[in-house]
Amino acid sequence: MTFPVLIGFLLNMLTKSLQLELEKFLKVLKGPTTAVTVTSQAFGQARQKCSEAPFIRLDERLVEEFYTENTYTTWHGYRLIGIDGSTVQLPWSEELVEEFGGVTNQHGVVMAMGRISVAFDVENELSVHALLDRYTCEERELALRHLEAVRTFDRRTDGRRGHQGDLFLFDMGYPALYVMALMILWGKDFVIRTSAAFLKEVQEAVSADQDDLEIQIPVQTPDRPLPEKLQAWMPTIDPAMVLSIRVVKLTLADGTQEILLTTLRDVTAFPYAVFHGLYAKRWGSETHYDVLKNILEIENFTGKSPLTVRQDFYATVLTNNLRGLIHWELQE
């Protein structure tokens with residue numbers, strides 16, 4: 001079990017017993033008549049010497065190469081990134097409950113659970129960045145960590161990317177004043193679906209007769225203190241900062257009203273009509289989780305320690321990106 005063999009083995013969607021998977025893998029690697037054998041115990045010892053970092057780094061290399069060496073699909077020059085979170089059930093062990101947290105089911109049994117979040121290129125079916133964290137971790141906090149990773153990627157690939165910027169798509173779980181302020185300060189555009197009850201300024205805009213208007217949202221007012229999380233992420237924030245946000249009200253085919261907040265304020269470049277189909281593209285993030293959970297079986301972990309769970313998770317993310325890359329090339 002050399003390092004390349006170990007990495008290659010873990011990238012193979014291990015859904016059967018480890019011993020069966022090892023035997024099948026070695027026959028592919030060494031030939032059907034090979035006498036080479038590796039026990040599941042030997043594999044377990046080998047993987048203890050490797051963290052999840054190689055899978056994360058390999059995935060970074062794959063993503064960087066894709067966006068600097070290919071002509072891929074963009075929307076008005078933007079890379080469309082849907083950010084969404086989910087949960088995963090982990091194997092039962094006290095160590096995993098301590099590391100990631102747990103929930104009690106209807107039978108009073110504690111289950112180990114983790115929270116995952118993915119920044120997903122919905123046009124090109126590629127995970128730009130993925131995270132596995134504690135079950136209690138807030139999805140907005142994970143979203144900001146995705147943004148930090150994207151900003152690092154921007155610095156690393158400056159002048160070599162095939163898109164002019166990123167447009168992030170969020171569902172109704174993400175509207176927050178501090179999130180919008182940080183994205184604007186970081187130069188990232190967004191479209192966020194919100195409820196009519198979010199912030200006084202948004203409520204007033206929703207009550208207006210117009211379906212498309214720009215509003216001003218101060219980060220601090222006499223009635224609204226400066227958000228603590230905004231101060232934590234940006235200690236030098238100017239309390240007098242005002243966000244210029246476009247509010248777009250759409251009526252869906254079933255009569256449902258959809259309220260979008262966006263930084264795409266240029267009505268000439270982005271007329272009202274483009275938003276009807278734009279937010280719907282976020283559905284790619286939902287179908288992506290269907291692939292991860294039901295096709296790649298991301299919850300079918302091969303170990304019961306935090307290390308093995310992280311190895312399996314990030315190996316599956318990389319495998320899924322390889323699948324997405326093959327799909328993209330077939331589409332071409």
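Let's start with Leu 167, which touches Trp 75, Tyr 78, Arg 79, Leu 80, Ile 81, Asp 189, Phe 190, Val 191, Leu 264 and Leu 278, leaving aside residues up to four places away in sequence; contact here means heavy atoms within 4.5 Å. Quick note: this is a predicted model, where local features need pLDDT of at least 70, side-chain atom pairs count only at pLDDT 80 or more, and totals for chains, interfaces and linings use all residues. Residues are numbered from 1 along each chain as its sequence is written, and side-chain values use heavy atoms, with hydrogens and water left out.

So where does Leu 167 sit? In the largest nonpolar core, which has 52 residues, Leu 167, Val 191, Leu 264, Phe 275 and Leu 278 touch the most other members. A core is a set of buried Ala, Val, Leu, Ile, Met, Phe, Trp, Tyr and Cys residues joined through side-chain atoms within 4.5 Å; buried means under 20% relative accessible area, exposed over 50%, partly exposed in between, with a 1.4 Å probe and protein chains only. There's a second, separate core of 50 residues, including Phe 170 and Leu 318.

Now, two loop residues. Met 13 has a positive phi of about 50° without being a glycine, and you'll find Met 13 between helix 1 (3-10) and helix 2 (18-30). Helices are DSSP runs (H or I, at least four residues), numbered from the N terminus. Met 13 counts as partly exposed because its relative accessibility is 41%.

Glu 297, also not a glycine, has a positive phi of about 50°, in the loop between helix 11 and helix 12. Its 33% relative accessibility makes Glu 297 partly exposed.
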